[in-house]
Amino acid sequence: MNEIPAGNEIPVGIVAVIKPRVYELDLAALSAWCVSQGFPAYRAEQIRRWIFGRRAANFSEMHDVPALIRLALESQFSLFPSKETQHQVSRDGTEKLLLELADGQFTECVLMRETDRRTICISTQVGCAMGCVFCASGLLGLKRNLTTGEILEQVLRLDRLLKKGEQITNLVVMGIGEPLANLKSLVPALDTLNEKGGLGLGARRITISTVGLPEKIRELAKLGKQYNLAVSLHAPNDVLRDRLVPVNDKIGIDAVLEAADDYFAITGRRVTYEYVLLSGVNDAPEHARQLSKRLQSRVAHVNLIPMNGVSELEFVAPTAPRTDEFVQVLESFGIPATVRKRKGADIDAACGQLRLAREKNSV
Ligand code: SAH
């Protein structure tokens with residue numbers, strides 16, 4: 001069944017039985033909670049340091065927090081209520097978690113290791129309503145939005161996979177779902193990660209990828225943050241984009257680009273355009289020329305993503321020479337382009353694939 005609870009939220013009955021995650025409270029709220037329980041307000045900072053800096057796995061590890069407070073925390077809050085159903089580790093150091101949420105839904109998140117970077121990729125929805133034809137995440141439609149706590153739990157769990165001395169350097173909101181369709185949960189989560197008393201991750205190290213919802217892009221720009229925006233274009237003309245990214249038929253490329261221009265004007269951040277390369281579909285030199293013409297007058301960067309195979313779908317990535325040719329056309333127009341490196345190839349690391357396999361097995 002593809003029923004979506006009212007407002008795309010976690011069903012109310014379930015909310016009533018789960019204890020809130022303690023990190024859903026910001027510093028002010030946690031301080032107020034401390035005071036309400038008869039504890040000094042400053043304990044809130046100490047608790048948050050254990051969560052965000054010292055990677056506590058449970059409340060009892062917080063040994064310099066008085067036992068009485070730990071007891072109160074234990075009885076009123078949770079830390080990691082989701083169930084880790086799968087933990088895959090790739091030969092290249094990429095790790096992926098499949099988490100089962102309180103209502104039996106699944107979400108995925110990934111940690112990628114490069115020499116000096118530790119990038120995490122998180123999800124914002126269970127499923128997706130955008131219906132991009134090459135993407136595993138949307139094959140089963142949208143179930144619901146993730147809550148702020150569910151988004152933060154992914155980050156904190158991935159953080160705990162890191163060894164001493166390693167730390168998260170970058171965060172990409174490129175997992176399952178359309179992040180701008182769930183700004184309500186995402187923005188508070190990013191605020192927490194961004195804060196000094198939180199993870200202290202600079203906004204410029206955070207990238208939000210969107211299918212291109214113009215009004216939501218402007219809403220994001222107006223937050224006054226320096227988040228990076230990545231727009232999933234995937235086609236240089238509306239006929240092709242309508243086919244690959246069905247929501248385009250109500251929006252159109254011009255409107256997407258205008259909103260991205262506004263994002264750049266307001267934040268000063270160069271926008272990245274993502275372009276999944278599908279052999280024989282959108283990878284011809286002519287497509288690269290059309291794309292170049294669209295982007296030529298803009299401060300833009302193109303990130304080419306060779307199609308990551310999904311067994312249910314027939315699309316495949318072009319050959320390396322064909323990909324190089326595409327890059328060369330863009331560069332001949334002066335448009336910087338990079339080809340995304342594949343991480344975790346041996347573990348289905350592209351988002352949506354584990355969840356899809358899991359859901360199909362349970363049908
Ligand atoms: N809803 C957001 C986030 C999607 S995931 C968005 O549309 O941007 C991040 C990127 O991976 C998007 O550009 C998405 O189109 C792309 N993607 C999805 N499935 C893919 C696949 N099988 N192979 C390569 N890229 C894919």
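Predicted model: local features only at pLDDT ≥ 70, side-chain atom pairs only at ≥ 80, totals over all residues.
Reader: Which domains does the protein chain have, and how far apart are the centres of domain 1 and domain 2?

Author: The domain assignment gives domain 1 (22–76) and domain 2 (83–362). Their centres, taken over C-alpha atoms, are separated by 34 Å. Nine residues from domain 1 and 16 residues from domain 2 take part in the contact.

Reader: What makes up the largest nonpolar core, and from where does this core draw its residues?

Author: The largest nonpolar core has 102 residues, and Met 62 and Leu 171 are those with the most contacts inside it. At least three residues come from each of domain 1 (22–76) and domain 2 (83–362). Leu 171 touches Ile 120, Ile 122, Val 155, Leu 190, Leu 193, Leu 201, Arg 205, Ile 206 and Thr 207, with residues up to four places away in sequence not counted.

Reader: Why is Leu 220 called buried?

Author: A residue counts as buried when its relative accessible area is under 20%. Leu 220 has a relative accessible area of 1%, and is therefore buried. Leu 220 is placed in helix H7 (residues 214–221). Apart from residues up to four places away in sequence, Leu 220 touches Leu 180, Leu 183, Ile 208, Tyr 227, Leu 229 and Tyr 263. Of these contacts, Tyr 263 is 43 residues from Leu 220 in sequence, while the two C-alpha atoms are 8.0 Å apart in space.

Reader: Why are H7 and H9 called roughly parallel?

Author: The axes of H7 and helix H9 (residues 253–267) cross at roughly 5° and come within 9 Å. Angles under 35 degrees count as roughly parallel, so H7 and H9 receive that description. Pro 214, Ile 217, Arg 218, Leu 220 and Ala 221 are the residues of H7 that meet H9.

Reader: What makes H10 and H11 roughly parallel or roughly perpendicular?

Author: Helix H10 (residues 285–295) and helix H11 (residues 320–332) pack at an angle of about 30°, and their axes are 9 Å apart. That angle falls under the limit of 35 degrees, so H10 and H11 are roughly parallel to each other. The crossing of H10 past H11 is right-handed. In H10, Pro 285, His 287, Ala 288, Arg 289, Leu 291 and Ser 292 meet residues of H11, among them Phe 326 and Val 329.

Reader: How do you know that Tyr 273 and Asn 303 count as buried?

Author: Tyr 273 has 2% relative accessibility, and Asn 303 has 12%. Both values are under 20%, so Tyr 273 and Asn 303 count as buried. Tyr 273 lies in strand E10 (residues 271–277), whereas Asn 303 is found in strand E11 (residues 300–306). Beyond its neighbours within four places in sequence, Tyr 273 is in contact with residues including Val 231, Leu 233, Leu 257, Val 302 and Asn 303. With the corresponding neighbours left aside, Asn 303 is in contact with Thr 272, Tyr 273, Glu 274, Tyr 275, Thr 338, Val 339 and Arg 340.

Reader: Why is helix H3 described as mostly covered, and what covers its buried residues?

Author: Eight of the eleven residues of helix H3 (residues 43–53) are buried, that is, under 20% relative accessible area, so H3 is described as mostly covered. The buried residues are Arg 43, Ala 44, Gln 46, Ile 47, Arg 48, Trp 50, Ile 51 and Phe 52. What covers them includes helix H2 (27–36), helix H4 (67–76), helix H5 (148–159) and helix H6 (183–194).

Reader: What makes the phi of Arg 55 and of His 234 worth a remark?

Author: Most residues other than glycine have a negative phi. Arg 55 is not a glycine, yet its phi is positive, at about 50°. Arg 55 follows H3 and lies in the loop between H3 and H4. His 234, likewise a residue other than glycine, has a positive phi near 70°. The place of His 234 is in the loop between strand E9 (228–232) and helix H8 (238–244).

Reader: Why does His 234 count as buried?

Author: The relative accessibility of His 234 is 5%. Since this value is under 20%, His 234 counts as buried.

Technical notes. Residues numbered from 1 in each chain as written. Heavy atoms only, no water. Core = buried A, V, L, I, M, F, W, Y, C linked by side-chain atoms within 4.5 Å. Buried < 20%, exposed > 50% of the residue type's maximum accessible area, 1.4 Å probe, protein only. Domains from an automatic or database assignment. Contact = heavy atoms within 4.5 Å. Axes fitted to C-alpha atoms, helices over the stretch in contact; angles between N-to-C directions. Helix = DSSP H or I, 4+ residues; strand = E, 2+ residues; numbered from the N terminus. Parallel < 35°, antiparallel > 145°, perpendicular 65-115°, else oblique. Left-handed = near helix turned anticlockwise from the far one by under 90°.
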